[in-house]
Amino acid sequence: MTTVQRSEPATRGLAVRVAGLGVTFPGGTQALRDISLDVEPGSFTAVIGPNGCGKSTLLRVLAGLLPPTRGRVELGAQPPRPGDGRVSLAFQQPRLVPWLSTLDNVALPLTLHGVANGERRRRAEAALDRVGLRDAVDRTPRELSGGMRQRAALARALITDPPLLLLDEPFSALDALTREAFDAELQRLWLDQPRTVILVTHSVGEAIALADRIVVLTARPGRVAREVAVDLPRPRTFNAMAPRAREIEVAVRETLASVHPGDLVPWVSS
Amino acid sequence: MGVIVRRIGAGILSLAAFLVAWKLITVIGDLPDFILPPPEAVVQRGLRAITTGTLATHTGVTLVEIILGFAVGALTAIATGIALGKSVLIERVLSPYIVAAQAVPILALAPLLDIWFGGGLLARVLICALIVFFPIAIATMVGIRSTDPLLAEMLRSLGATPRQLILRLEIPSALPVIFGGLRVGVTLAVIGAVVAEWAGASSGLGVLINIANQGLFDTPLMFVALTTLAVIGLAFYGLVVLAERRLVAH
């Protein structure tokens, strides 16, 4: 099923098990229907689908922000609980607190858990270092560019070193070139410190460049339409994304086209 | 530096213009002192009140009432405003009473409150606090409600407790609006102290106004008391603005 090809074994990370998950909102809108998903510890999973298919809802359930209406969600052996240090969610928008410095924003998860000042600062600086934002320590979010804000948000998600990282289209507001650079950086971060990652995205290319496996969701209410394994060697570069990558892309696009007839990917022939 | 000098210059100019206009009105209207005393008569009367110690005594009493009344009123208003902002149920239950209390003229209620609470400092502080309460409570409620829900969700995803949510997000993001309420509230505290004194007190600037106005027909003395109240109001307003500049970063 999942093909993990990298130098170190996938030991760090949390197993995610989703069984028969359904989410219905108070208004009666059904966001997710009967989703079942098994994610191996240390693997990188991309969830792809059009707007409104419930991708973000799935992540909010996994982060413990939203209770399932039906079914079960387990991280390791327990249901998700916000703030227990096992999971971080990076949102589509950076969501930085405007009156806090970059350092204090990044350190926020530690602040909320009463970590002493010295250690807080040390770890926040290390996290900022990892995303290349060391110089922005004392600046406020307003003084950062869009890309820098997104980096800060990523540093905030990484500071607790969570075994499960949830990414909700974290780079979708960036321009295409910056976004590719971020994807490359995300790959590097993951190869350096492997952990379970679930990335929600609109971009087939991004999913292929990063993931071990691509989960294609149907339109609302979201269900799993197909899972496509990405058996490409790492580290991936554009050179490496040759014929095999093309095959995977076609498989994903065909699935998208079949579950969203007329909506998407008109250039797939079949 | 130049900016500060210009600002002070503008302040002095506007004060001078105000005094000249005042003087002109008394001269052109040929008004007697008990209708509208000219500025210099008020200054003379003020100096006399200062040297005899009258002004200091009454001002001290009123200052204590304003400070305590504002403190009590602002703190309960902020606490109430947070509760109103957080809970629709609490707002539904409490807001009719709060609005009704605000709509009832405090001038009419003050004598009753004075009797209920023993006619001492406590009664006056409560009357003052009651006047201060409304704008600050409403501002706090509006401010708390304007918290960015995306930031709130982010904090919850980090495991923030309800208390941390209030202290680290909702109050800081409501602060600019709360300070709007505090600015209004602090000037109302001055009025509140005077109204409370009118309801039954033996000293204070409000009492001094009554003595001067109704007892002695000493209009210049009344203007001395009014000017003192105005200066107190300006000073406290300035303090609130200063606190706002220090606390509100954005």
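In this predicted model, B:Ala160 counts as buried because 23 C-beta neighbours lie inside 10 Å of this residue, and a residue is called buried once 20 or more other C-beta atoms lie within that distance. B:Ala160 is located in the loop that links α7 (149-157) and α8 (162-198) of chain B. Leaving aside neighbours within four places in sequence, B:Ala160 is in contact with B:Leu155, B:Leu165 and B:Arg168, and also with A:Leu112 of the other chain. B:Leu121 provides a reference point for distance: 39 residues separate B:Ala160 from B:Leu121 in sequence, and their C-alpha atoms are 42 Å apart in space.

**The contact between the chains**

The contact draws 15 residues from chain A and 13 residues from chain B. On the side of chain A that touches chain B, the largest share, three residues, is supplied by helix α3 (residues 108-112) of chain A. By residue type, that side of chain A divides into 11 nonpolar, two polar and two charged residues.

**The first helix of chain B**

Helix α1 (residues 2-28) of chain B contains 27 residues, which at 1.5 Å a residue should span 39 Å; the end C-alpha atoms are 38 Å apart, in agreement with that expectation. How many of the 27 residues of α1(B) are buried? The count is zero, and α1(B) is accordingly described as hardly covered. After α1(B) comes B:Asp30, with a positive phi near 50°.

**The sheets of chain A**

| Strand order (chain A) | Pairing | Average twist from one strand to the next |
|---|---|---|
| β2-β1-β4 | antiparallel | 20° |
| β5-β6-β7-β3-β8-β9 | mixed | 15° |

In the sheet of three strands, β2 (30-39) and β4 (70-75) of chain A stand at the edges; each has a single partner strand, so one side of each is left without a neighbour in the sheet. Strand β1 (residues 16-24) of chain A pairs with β4(A) in the antiparallel sense over five bridges. Within β4(A), A:Arg70 is the bridge partner of A:Gly22.

In the sheet of six strands, the edge strands are β5 (87-90) and β9 (224-229) of chain A, each of which pairs on one side only. Strand β5(A) runs parallel to β6(A), and four bridges join them. Strand β6 (residues 164-168) of chain A also pairs with strand β7 (residues 196-201) of chain A, in the parallel sense and over five bridges.

Individual residues show how β6(A) is placed. A:Leu165 in β6(A) stands opposite A:Ser88, and the bridge partner of A:Leu165 in β7(A) is A:Val197. A:Leu166, in turn, stands opposite A:Ile198 in β7(A).

Is β6(A) largely enclosed or left open by the rest of the structure? Five of the five residues of β6(A) are buried, so the strand is largely enclosed. Both faces are covered: A:Leu164, A:Leu166 and A:Asp168 are buried on one side, and A:Leu165 and A:Leu167 are buried on the other.

Helix α1 (residues 55-62) of chain A touches β3 (44-48), β5, β6, β7 and β8 (213-217) of chain A, and its direction makes about 155° with that of β7(A). Helix α8 (residues 243-259) of chain A lies across β3, β8 and β9 of chain A and runs at about 175° to β9(A).

In soluble globular proteins, nonpolar side chains tend to be buried together. The largest nonpolar core of this model has 77 residues, of which A:Leu62, A:Ala155, A:Leu166 and A:Ile214 touch the most other members. Helix α5 (residues 146-158) of chain A contributes the largest share of this core, six residues.

Which residues are in contact with A:Leu166, leaving aside its neighbours within four places in sequence? They are A:Leu59, A:Leu62, A:Ala63, A:Val87, A:Ser88, A:Leu89 and A:Ile198.

Another core, of 54 residues, lies apart from the largest one; B:Ala139, B:Met141, B:Val190 and B:Val195 are among its members.

Technical notes: Residues numbered from 1 in each chain as written. Chains lettered and ligands numbered in written order. Predicted model: local features only at pLDDT ≥ 70, side-chain atom pairs only at ≥ 80, totals over all residues. Contact = placed C-beta atoms within 7 Å. Helix = DSSP H or I, 4+ residues; strand = E, 2+ residues; numbered from the N terminus. Nonpolar A, V, L, I, M, F, W, Y, C, P; charged D, E, K, R; others polar. Pairing = 2+ DSSP bridges. Axes fitted to C-alpha atoms, helices over the stretch in contact; angles between N-to-C directions. Core = buried A, V, L, I, M, F, W, Y, C linked by C-beta atoms within 7 Å. Buried ≥ 20, exposed ≤ 12 C-beta atoms within 10 Å, placed from the backbone. Expected span 1.5 Å × (residues − 1).
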